[in-house]
Amino acid sequence: MGWVSNFADLAKDGSLTVGIIGLGYVGLPTAIGFHDAGFTVWGVDVSQRTVDMVLQGKNPTGDPDVDDIVPQPGTERWHISTSAAEAVPNCDVVLVTVPTPITHDLKPDLSYVEAAGRDVFKSITKGSRTIVVLESTVYPGVTAQTWLPIIEELGLVIGEDVEIAYCPERFNPGDSAHGVRQVARVIGCSNPEVGEGLVALYSKLTSEDVRYVGKLEVAEAAKVIENVQRDINIALVNELARIFPALDVDVEDVLSAAATKWNFHRYTPGVGVGGHCIPVDPYYMIQRAADVGVPAGLITAARAVNRSMPSHVAGVLSDLMWNAEVPAGDARVLLLGWSYKAEVGDPRETPAEPLAETLMSKGIKVATWDPHIDFGEYPEGVEVISNIEDAKGYDIAVLVTAHKACLNLDWNKLLGQMRTPLVYDGRRVLDLDSLQKSGWQTYAVGKPV
Ligand code: SAJ
(Lines give C-alpha, C1' and ligand atoms only; values in the text may rest on other atoms or scores of the structure.)
Protein backbone atom coordinates (compact mmCIF):
# COMPACT_ATOMS: atom_id res chain seq x y z
CA MET A 1 0.00 0.00 0.00
CA GLY A 2 1.27 3.52 -0.64
CA TRP A 3 -0.76 6.72 -0.68
CA VAL A 4 -4.18 6.41 1.00
CA SER A 5 -6.53 9.17 2.18
CA ASN A 6 -5.56 8.59 5.83
CA PHE A 7 -1.83 8.48 5.03
CA ALA A 8 -1.08 11.39 7.38
CA ASP A 9 -2.80 9.59 10.27
CA LEU A 10 -0.87 6.40 9.54
CA ALA A 11 2.33 8.47 9.48
CA LYS A 12 1.48 10.09 12.80
CA ASP A 13 1.22 6.73 14.57
CA GLY A 14 4.17 5.23 12.75
CA SER A 15 2.19 2.50 11.06
CA LEU A 16 3.86 2.80 7.67
CA THR A 17 6.79 0.93 6.17
CA VAL A 18 9.60 3.14 4.88
CA GLY A 19 12.22 1.93 2.39
CA ILE A 20 15.61 3.65 2.01
CA ILE A 21 17.67 2.98 -1.12
CA GLY A 22 21.34 3.75 -0.54
CA LEU A 23 22.83 3.25 2.96
CA GLY A 24 25.64 5.81 2.86
CA TYR A 25 26.30 8.95 4.90
CA VAL A 26 22.72 10.09 4.37
CA GLY A 27 20.71 6.90 3.82
CA LEU A 28 21.88 4.91 6.83
CA PRO A 29 21.23 7.66 9.43
CA THR A 30 17.89 8.28 7.70
CA ALA A 31 16.93 4.59 7.96
CA ILE A 32 17.98 4.54 11.61
CA GLY A 33 16.07 7.76 12.26
CA PHE A 34 12.81 6.42 10.85
CA HIS A 35 13.32 3.16 12.74
CA ASP A 36 13.89 5.06 15.99
CA ALA A 37 10.72 7.06 15.20
CA GLY A 38 8.74 3.78 15.28
CA PHE A 39 8.44 2.88 11.61
CA THR A 40 9.18 -0.47 9.99
CA VAL A 41 12.23 0.07 7.80
CA TRP A 42 13.68 -1.69 4.78
CA GLY A 43 17.23 -0.54 3.95
CA VAL A 44 18.75 -1.43 0.58
CA ASP A 45 22.27 -1.01 -0.75
CA VAL A 46 23.93 -2.46 -3.84
CA SER A 47 27.15 -2.98 -1.86
CA GLN A 48 27.27 -6.42 -0.23
CA ARG A 49 30.00 -5.07 2.11
CA THR A 50 27.69 -2.30 3.28
CA VAL A 51 24.74 -4.67 3.77
CA ASP A 52 26.89 -7.21 5.62
CA MET A 53 28.29 -4.54 7.96
CA VAL A 54 24.86 -3.06 8.69
CA LEU A 55 23.44 -6.54 9.30
CA GLN A 56 26.22 -7.03 11.86
CA GLY A 57 25.26 -3.74 13.52
CA LYS A 58 28.42 -2.01 12.24
CA ASN A 59 28.85 1.42 10.60
CA PRO A 60 30.06 1.25 6.95
CA THR A 61 30.12 5.06 6.52
CA GLY A 62 33.06 7.30 7.50
CA ASP A 63 30.87 9.37 9.78
CA PRO A 64 31.74 8.72 13.45
CA ASP A 65 28.29 9.93 14.55
CA VAL A 66 26.84 6.72 13.09
CA ASP A 67 29.23 4.45 15.00
CA ASP A 68 27.01 3.52 17.94
CA ILE A 69 23.51 3.80 16.53
CA VAL A 70 23.27 0.99 13.97
CA PRO A 71 20.55 -1.45 15.17
CA GLN A 72 21.98 -4.77 16.32
CA PRO A 73 21.14 -8.11 14.62
CA GLY A 74 17.61 -9.32 15.39
CA THR A 75 16.18 -5.84 15.92
CA GLU A 76 12.46 -5.76 15.08
CA ARG A 77 11.09 -3.62 12.25
CA TRP A 78 14.62 -3.49 10.75
CA HIS A 79 15.21 -5.23 7.40
CA ILE A 80 18.39 -4.85 5.33
CA SER A 81 18.92 -6.24 1.83
CA THR A 82 20.85 -5.78 -1.40
CA SER A 83 17.58 -6.26 -3.31
CA ALA A 84 15.11 -3.47 -4.05
CA ALA A 85 12.86 -6.18 -5.55
CA GLU A 86 12.63 -7.79 -2.11
CA ALA A 87 12.17 -4.54 -0.19
CA VAL A 88 9.92 -2.29 -2.30
CA PRO A 89 6.74 -4.41 -2.34
CA ASN A 90 6.73 -4.13 1.49
CA CYS A 91 7.05 -0.33 1.51
CA ASP A 92 4.48 2.46 1.54
CA VAL A 93 7.19 5.08 0.94
CA VAL A 94 10.61 4.59 -0.63
CA LEU A 95 13.33 7.23 -0.11
CA VAL A 96 16.22 7.30 -2.58
CA THR A 97 19.49 8.52 -1.07
CA VAL A 98 22.13 7.71 -3.65
CA PRO A 99 25.20 9.75 -4.71
CA THR A 100 24.92 12.57 -7.26
CA PRO A 101 28.58 13.23 -8.07
CA ILE A 102 30.07 15.09 -11.01
CA THR A 103 32.01 13.52 -13.86
CA HIS A 104 35.69 14.28 -14.50
CA ASP A 105 34.58 17.01 -16.92
CA LEU A 106 32.47 18.59 -14.17
CA LYS A 107 29.08 17.51 -15.52
CA PRO A 108 26.31 16.16 -13.23
CA ASP A 109 26.33 12.36 -13.00
CA LEU A 110 22.74 11.20 -12.60
CA SER A 111 23.44 7.53 -13.28
CA TYR A 112 22.87 6.50 -9.64
CA VAL A 113 19.52 8.32 -9.50
CA GLU A 114 18.48 6.65 -12.75
CA ALA A 115 19.58 3.16 -11.71
CA ALA A 116 18.03 3.37 -8.25
CA GLY A 117 14.80 4.74 -9.70
CA ARG A 118 14.63 1.90 -12.20
CA ASP A 119 15.25 -0.70 -9.46
CA VAL A 120 12.45 0.80 -7.38
CA PHE A 121 9.85 1.39 -10.09
CA LYS A 122 10.19 -2.08 -11.60
CA SER A 123 9.50 -3.56 -8.14
CA ILE A 124 6.38 -1.50 -7.43
CA THR A 125 3.06 -3.33 -7.08
CA LYS A 126 0.52 -2.06 -9.62
CA GLY A 127 -2.24 -0.01 -8.00
CA SER A 128 -0.24 0.52 -4.78
CA ARG A 129 0.40 4.29 -5.26
CA THR A 130 3.77 3.74 -3.57
CA ILE A 131 5.38 7.11 -2.86
CA VAL A 132 8.98 7.39 -4.12
CA VAL A 133 10.96 10.34 -2.74
CA LEU A 134 14.31 11.47 -4.11
CA GLU A 135 16.58 12.98 -1.41
CA SER A 136 19.84 13.27 -3.34
CA THR A 137 20.99 16.75 -4.32
CA VAL A 138 20.10 17.50 -7.93
CA TYR A 139 19.15 20.53 -9.99
CA PRO A 140 15.61 21.72 -10.80
CA GLY A 141 13.88 19.29 -13.13
CA VAL A 142 16.03 16.22 -12.56
CA THR A 143 13.53 14.12 -10.61
CA ALA A 144 10.90 14.44 -13.33
CA GLN A 145 13.36 14.31 -16.23
CA THR A 146 15.07 11.19 -14.91
CA TRP A 147 12.22 9.22 -13.41
CA LEU A 148 9.11 9.97 -15.51
CA PRO A 149 10.50 8.27 -18.65
CA ILE A 150 11.24 5.14 -16.61
CA ILE A 151 7.75 5.18 -15.07
CA GLU A 152 6.22 5.51 -18.54
CA GLU A 153 8.48 2.80 -20.01
CA LEU A 154 7.37 0.42 -17.25
CA GLY A 155 3.70 1.21 -17.90
CA LEU A 156 3.17 2.64 -14.42
CA VAL A 157 0.61 5.39 -13.87
CA ILE A 158 1.22 8.35 -11.55
CA GLY A 159 -1.70 8.60 -9.15
CA GLU A 160 -2.54 4.91 -9.44
CA ASP A 161 0.68 2.87 -9.13
CA VAL A 162 3.18 5.46 -7.96
CA GLU A 163 3.67 9.03 -6.69
CA ILE A 164 6.99 10.89 -6.87
CA ALA A 165 8.29 13.67 -4.62
CA TYR A 166 11.53 15.45 -3.72
CA CYS A 167 12.82 16.11 -0.21
CA PRO A 168 16.46 17.23 -0.20
CA GLU A 169 18.80 15.77 2.39
CA ARG A 170 20.44 18.46 4.50
CA PHE A 171 22.94 16.22 6.15
CA ASN A 172 26.11 17.55 7.64
CA PRO A 173 28.71 14.85 8.26
CA GLY A 174 30.48 15.12 11.60
CA ASP A 175 27.92 17.56 12.99
CA SER A 176 25.66 15.67 15.39
CA ALA A 177 23.78 18.89 16.15
CA HIS A 178 22.31 18.75 12.64
CA GLY A 179 21.56 15.05 12.32
CA VAL A 180 18.53 13.74 10.43
CA ARG A 181 16.39 14.21 13.55
CA GLN A 182 17.36 17.82 14.08
CA VAL A 183 17.19 19.37 10.63
CA ALA A 184 14.46 21.31 8.82
CA ARG A 185 13.11 19.76 5.59
CA VAL A 186 11.23 20.97 2.51
CA ILE A 187 9.04 18.78 0.32
CA GLY A 188 8.24 19.23 -3.36
CA CYS A 189 5.47 17.26 -5.06
CA SER A 190 3.08 17.94 -7.93
CA ASN A 191 0.23 16.51 -5.80
CA PRO A 192 -0.31 18.79 -2.76
CA GLU A 193 -2.21 16.05 -0.86
CA VAL A 194 0.77 13.71 -1.16
CA GLY A 195 3.09 16.60 -0.28
CA GLU A 196 1.20 17.30 2.92
CA GLY A 197 1.15 13.57 3.74
CA LEU A 198 4.93 13.53 3.46
CA VAL A 199 5.07 16.54 5.78
CA ALA A 200 3.35 14.36 8.39
CA LEU A 201 5.84 11.54 7.73
CA TYR A 202 9.00 13.66 7.93
CA SER A 203 7.60 15.48 10.97
CA LYS A 204 7.96 12.18 12.80
CA LEU A 205 11.63 12.06 11.78
CA THR A 206 12.78 15.56 12.67
CA SER A 207 11.90 17.95 15.47
CA GLU A 208 12.58 20.92 13.16
CA ASP A 209 10.33 22.66 10.62
CA VAL A 210 8.95 20.51 7.76
CA ARG A 211 6.99 22.19 4.99
CA TYR A 212 5.42 21.51 1.61
CA VAL A 213 6.87 24.08 -0.78
CA GLY A 214 5.02 23.26 -4.00
CA LYS A 215 6.16 21.48 -7.12
CA LEU A 216 9.27 19.27 -7.27
CA GLU A 217 11.43 21.93 -8.91
CA VAL A 218 11.03 24.37 -5.99
CA ALA A 219 12.46 21.90 -3.50
CA GLU A 220 15.17 20.77 -5.93
CA ALA A 221 16.23 24.39 -6.48
CA ALA A 222 16.18 25.28 -2.78
CA LYS A 223 18.67 22.58 -1.89
CA VAL A 224 21.14 23.23 -4.68
CA ILE A 225 21.23 27.00 -4.09
CA GLU A 226 21.82 26.50 -0.36
CA ASN A 227 25.18 25.03 -1.29
CA VAL A 228 25.79 27.40 -4.20
CA GLN A 229 25.44 30.30 -1.77
CA ARG A 230 27.94 28.66 0.59
CA ASP A 231 30.45 28.10 -2.23
CA ILE A 232 30.16 31.75 -3.33
CA ASN A 233 30.62 33.03 0.21
CA ILE A 234 33.71 30.89 0.71
CA ALA A 235 35.05 32.02 -2.68
CA LEU A 236 34.74 35.65 -1.58
CA VAL A 237 36.93 35.14 1.50
CA ASN A 238 39.38 33.06 -0.53
CA GLU A 239 39.70 35.86 -3.07
CA LEU A 240 40.19 38.36 -0.23
CA ALA A 241 42.82 36.00 1.21
CA ARG A 242 44.83 36.61 -1.95
CA ILE A 243 44.25 40.37 -2.12
CA PHE A 244 44.92 41.49 1.46
CA PRO A 245 48.40 39.99 1.96
CA ALA A 246 49.43 42.04 -1.10
CA LEU A 247 48.21 45.10 0.83
CA ASP A 248 50.20 43.90 3.86
CA VAL A 249 46.94 43.25 5.73
CA ASP A 250 45.86 39.95 7.33
CA VAL A 251 42.49 38.90 5.87
CA GLU A 252 41.50 37.31 9.18
CA ASP A 253 41.86 40.69 10.94
CA VAL A 254 39.62 42.23 8.28
CA LEU A 255 36.98 39.46 8.45
CA SER A 256 36.89 39.55 12.25
CA ALA A 257 36.41 43.31 12.16
CA ALA A 258 33.69 43.08 9.49
CA ALA A 259 31.93 40.34 11.49
CA THR A 260 31.07 42.88 14.17
CA LYS A 261 28.34 44.06 11.77
CA TRP A 262 25.00 42.45 12.60
CA ASN A 263 24.39 40.80 9.22
CA PHE A 264 27.92 40.02 8.08
CA HIS A 265 28.20 36.25 7.50
CA ARG A 266 31.61 35.01 8.63
CA TYR A 267 33.44 32.49 6.46
CA THR A 268 37.08 31.40 6.66
CA PRO A 269 39.65 31.22 3.85
CA GLY A 270 41.44 27.91 3.39
CA VAL A 271 43.54 25.67 1.18
CA GLY A 272 40.37 24.79 -0.74
CA VAL A 273 36.77 23.58 -0.71
CA GLY A 274 36.15 19.83 -0.60
CA GLY A 275 33.40 17.34 0.09
CA HIS A 276 30.56 15.82 -1.86
CA CYS A 277 28.30 18.88 -1.52
CA ILE A 278 29.80 22.35 -1.77
CA PRO A 279 32.27 21.87 -4.64
CA VAL A 280 29.79 19.66 -6.53
CA ASP A 281 26.33 21.17 -6.27
CA PRO A 282 27.19 24.45 -8.08
CA TYR A 283 27.95 22.46 -11.23
CA TYR A 284 24.38 21.18 -11.14
CA MET A 285 23.07 24.74 -11.11
CA ILE A 286 25.56 25.79 -13.83
CA GLN A 287 24.39 22.91 -16.02
CA ARG A 288 20.71 23.72 -15.56
CA ALA A 289 21.27 27.40 -16.35
CA ALA A 290 23.20 26.39 -19.47
CA ASP A 291 20.35 24.09 -20.50
CA VAL A 292 18.05 27.11 -20.65
CA GLY A 293 20.65 29.49 -22.06
CA VAL A 294 20.96 31.78 -19.03
CA PRO A 295 24.53 32.67 -17.98
CA ALA A 296 25.68 31.69 -14.46
CA GLY A 297 28.80 33.85 -14.37
CA LEU A 298 28.99 34.44 -10.62
CA ILE A 299 28.45 30.77 -9.73
CA THR A 300 31.07 29.74 -12.31
CA ALA A 301 33.58 32.35 -11.14
CA ALA A 302 33.20 31.29 -7.50
CA ARG A 303 33.95 27.69 -8.45
CA ALA A 304 37.08 28.86 -10.30
CA VAL A 305 38.31 30.83 -7.26
CA ASN A 306 37.83 27.90 -4.89
CA ARG A 307 39.35 25.40 -7.32
CA SER A 308 42.42 27.64 -7.67
CA MET A 309 43.24 27.69 -3.94
CA PRO A 310 45.27 24.45 -3.79
CA SER A 311 47.58 25.53 -6.60
CA HIS A 312 47.83 29.04 -5.15
CA VAL A 313 48.85 27.60 -1.78
CA ALA A 314 51.31 25.21 -3.45
CA GLY A 315 53.02 28.23 -5.05
CA VAL A 316 53.21 30.05 -1.72
CA LEU A 317 54.68 26.97 0.01
CA SER A 318 57.27 26.58 -2.75
CA ASP A 319 58.31 30.25 -2.38
CA LEU A 320 58.49 29.96 1.42
CA MET A 321 60.82 26.97 1.18
CA TRP A 322 62.91 28.68 -1.50
CA ASN A 323 63.29 31.77 0.71
CA ALA A 324 64.25 29.53 3.63
CA GLU A 325 67.03 28.12 1.41
CA VAL A 326 65.59 24.61 1.49
CA PRO A 327 67.70 22.56 -0.95
CA ALA A 328 65.99 22.82 -4.35
CA GLY A 329 64.97 19.42 -5.66
CA ASP A 330 64.88 18.00 -2.14
CA ALA A 331 62.09 20.04 -0.51
CA ARG A 332 59.77 18.03 1.71
CA VAL A 333 56.21 18.97 2.77
CA LEU A 334 54.18 17.40 5.55
CA LEU A 335 50.40 17.75 5.12
CA LEU A 336 48.60 17.59 8.48
CA GLY A 337 45.15 16.26 7.56
CA TRP A 338 43.90 14.89 4.25
CA SER A 339 40.11 14.74 4.78
CA TYR A 340 38.00 17.53 3.23
CA LYS A 341 36.56 18.46 6.62
CA ALA A 342 37.54 18.33 10.30
CA GLU A 343 36.47 15.34 12.44
CA VAL A 344 35.39 13.22 9.49
CA GLY A 345 37.47 10.74 7.48
CA ASP A 346 36.29 11.65 3.98
CA PRO A 347 38.75 12.25 1.13
CA ARG A 348 36.09 13.11 -1.46
CA GLU A 349 37.07 16.20 -3.49
CA THR A 350 39.60 17.05 -0.78
CA PRO A 351 41.80 20.06 -1.68
CA ALA A 352 44.70 18.07 -0.22
CA GLU A 353 44.80 16.07 -3.45
CA PRO A 354 45.38 18.91 -5.97
CA LEU A 355 47.66 20.56 -3.40
CA ALA A 356 49.81 17.41 -3.19
CA GLU A 357 49.76 16.91 -6.96
CA THR A 358 50.82 20.51 -7.64
CA LEU A 359 53.66 20.27 -5.11
CA MET A 360 54.88 16.98 -6.57
CA SER A 361 54.73 18.49 -10.08
CA LYS A 362 57.28 21.02 -8.76
CA GLY A 363 59.58 18.19 -7.65
CA ILE A 364 58.58 18.61 -4.00
CA LYS A 365 58.16 15.49 -1.86
CA VAL A 366 54.82 15.20 -0.05
CA ALA A 367 53.80 13.19 3.01
CA THR A 368 50.49 13.25 4.86
CA TRP A 369 49.17 12.28 8.26
CA ASP A 370 45.43 12.03 8.90
CA PRO A 371 44.27 10.01 11.93
CA HIS A 372 40.68 9.99 10.62
CA ILE A 373 41.45 8.28 7.33
CA ASP A 374 42.46 4.63 7.65
CA PHE A 375 41.95 3.59 4.06
CA GLY A 376 41.60 6.41 1.51
CA GLU A 377 43.05 6.45 -1.96
CA TYR A 378 46.07 8.71 -2.03
CA PRO A 379 47.65 9.95 -5.29
CA GLU A 380 50.72 8.09 -6.52
CA GLY A 381 53.81 9.43 -4.78
CA VAL A 382 52.25 10.69 -1.55
CA GLU A 383 53.87 9.12 1.50
CA VAL A 384 51.20 8.21 4.10
CA ILE A 385 52.39 8.52 7.69
CA SER A 386 50.40 6.58 10.29
CA ASN A 387 52.25 7.83 13.39
CA ILE A 388 53.17 11.52 13.55
CA GLU A 389 56.28 10.63 15.56
CA ASP A 390 57.63 9.01 12.41
CA ALA A 391 57.40 12.32 10.52
CA LYS A 392 61.04 13.40 10.42
CA GLY A 393 63.08 15.75 8.22
CA TYR A 394 60.32 17.89 6.70
CA ASP A 395 60.73 21.53 5.72
CA ILE A 396 57.20 22.77 6.22
CA ALA A 397 54.19 21.44 8.14
CA VAL A 398 50.92 22.46 6.46
CA LEU A 399 47.63 22.38 8.35
CA VAL A 400 45.19 21.18 5.68
CA THR A 401 42.34 19.85 7.86
CA ALA A 402 41.42 21.39 11.21
CA HIS A 403 41.03 18.04 13.00
CA LYS A 404 41.29 18.38 16.78
CA ALA A 405 44.10 15.81 16.52
CA CYS A 406 46.06 18.28 14.35
CA LEU A 407 45.39 21.28 16.55
CA ASN A 408 46.31 19.34 19.70
CA LEU A 409 49.56 17.96 18.30
CA ASP A 410 52.70 18.19 20.42
CA TRP A 411 54.02 21.03 18.27
CA ASN A 412 57.27 21.33 20.23
CA LYS A 413 57.99 17.67 19.57
CA LEU A 414 57.15 18.07 15.88
CA LEU A 415 59.42 21.12 15.74
CA GLY A 416 62.27 18.91 16.89
CA GLN A 417 61.54 16.49 14.04
CA MET A 418 61.56 19.15 11.29
CA ARG A 419 64.57 19.82 9.06
CA THR A 420 63.33 23.42 8.52
CA PRO A 421 60.97 24.95 11.13
CA LEU A 422 58.26 26.27 8.81
CA VAL A 423 54.54 25.93 9.53
CA TYR A 424 51.66 27.05 7.25
CA ASP A 425 48.15 27.30 8.71
CA GLY A 426 45.87 26.42 5.77
CA ARG A 427 42.68 26.81 7.82
CA ARG A 428 43.48 29.80 10.05
CA VAL A 429 42.89 27.86 13.26
CA LEU A 430 46.39 27.70 14.83
CA ASP A 431 47.76 29.96 17.54
CA LEU A 432 50.58 31.31 15.37
CA ASP A 433 51.94 33.66 18.04
CA SER A 434 52.64 30.85 20.48
CA LEU A 435 54.09 28.66 17.72
CA GLN A 436 56.33 31.57 16.69
CA LYS A 437 57.51 31.96 20.29
CA SER A 438 58.44 28.28 20.47
CA GLY A 439 60.64 28.54 17.40
CA TRP A 440 58.43 27.94 14.37
CA GLN A 441 58.50 30.33 11.43
CA THR A 442 54.75 30.82 10.98
CA TYR A 443 52.74 31.51 7.83
CA ALA A 444 49.06 31.18 6.94
CA VAL A 445 46.55 31.55 4.12
CA GLY A 446 45.56 35.21 3.84
CA LYS A 447 48.37 36.39 6.15
CA PRO A 448 51.11 38.71 4.80
CA VAL A 449 54.50 36.97 4.58
N1 SAJ B 1 35.10 25.65 4.05
C2 SAJ B 1 35.92 26.76 3.96
N3 SAJ B 1 35.55 27.91 4.58
C4 SAJ B 1 34.38 27.99 5.29
C5 SAJ B 1 33.54 26.85 5.36
C6 SAJ B 1 33.92 25.69 4.75
O7 SAJ B 1 36.98 26.73 3.33
O8 SAJ B 1 34.11 29.05 5.85
C9 SAJ B 1 35.49 24.41 3.36
C10 SAJ B 1 35.67 23.23 4.28
O11 SAJ B 1 36.99 23.15 4.77
C12 SAJ B 1 35.35 22.06 3.36
C13 SAJ B 1 34.32 22.64 2.39
O14 SAJ B 1 34.45 24.06 2.47
O15 SAJ B 1 36.49 21.65 2.65
C16 SAJ B 1 32.88 22.27 2.71
O17 SAJ B 1 32.72 22.51 4.07
P18 SAJ B 1 31.23 22.54 4.73
O19 SAJ B 1 31.39 23.07 6.12
O20 SAJ B 1 30.29 23.22 3.84
O21 SAJ B 1 30.86 21.01 4.90
P22 SAJ B 1 30.07 20.00 3.98
O23 SAJ B 1 30.64 19.88 2.63
O24 SAJ B 1 29.93 18.77 4.79
O25 SAJ B 1 28.65 20.71 3.79
C26 SAJ B 1 27.55 20.25 4.51
C27 SAJ B 1 26.39 20.70 3.67
N28 SAJ B 1 25.20 20.04 4.12
C29 SAJ B 1 24.32 19.62 3.20
O30 SAJ B 1 24.49 19.74 2.01
C31 SAJ B 1 23.12 18.98 3.73
C32 SAJ B 1 26.20 22.20 3.79
O33 SAJ B 1 24.93 22.56 3.20
C34 SAJ B 1 26.21 22.63 5.23
O35 SAJ B 1 26.02 24.04 5.28
C36 SAJ B 1 27.57 22.27 5.79
O37 SAJ B 1 27.59 20.82 5.80
C38 SAJ B 1 27.76 22.82 7.18
O39 SAJ B 1 26.97 23.66 7.60
O40 SAJ B 1 28.76 22.42 7.79
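On a 1 Å grid over the protein atoms alone, a pocket is an open set of points with protein on both sides within 12 Å along at least five of seven lines, where a cavity would be a set in which a 1.4 Å probe fits but cannot get out. A molecule sits in one if more than half of its atoms lie within 2 Å of its grid points.

This is a predicted model: local features need pLDDT of at least 70, side-chain atom pairs count only at pLDDT 80 or more, and totals for chains, interfaces and linings use all residues. Residues are numbered from 1 along each chain as its sequence is written, and side-chain values use heavy atoms, leaving out hydrogens and water.

**Exercise 1.** Locate the ligand and describe its shell.

Step 1. The ligand sits in the second largest pocket.

Step 2. Sort the shell by class.

**Exercise 2.** Find polar partners of the ligand (N or O atoms within 3.5 Å).

Step 1. A polar atom of Y340 is 2.7 Å from a ligand oxygen. In F171, a polar backbone atom is 3.1 Å from a ligand nitrogen.

Step 2. Take a side chain. K223 places a polar atom 3.2 Å from a ligand oxygen.

Note on methods
Polar contact = N/O pair within 3.5 Å; in protein donor to acceptor, adjacent residues only side chain to side chain. 1 Å grid on protein atoms, 1.4 Å probe; cavity = no way out; pocket = protein on both sides within 12 Å on 5 of 7 lines; lining within 4 Å.
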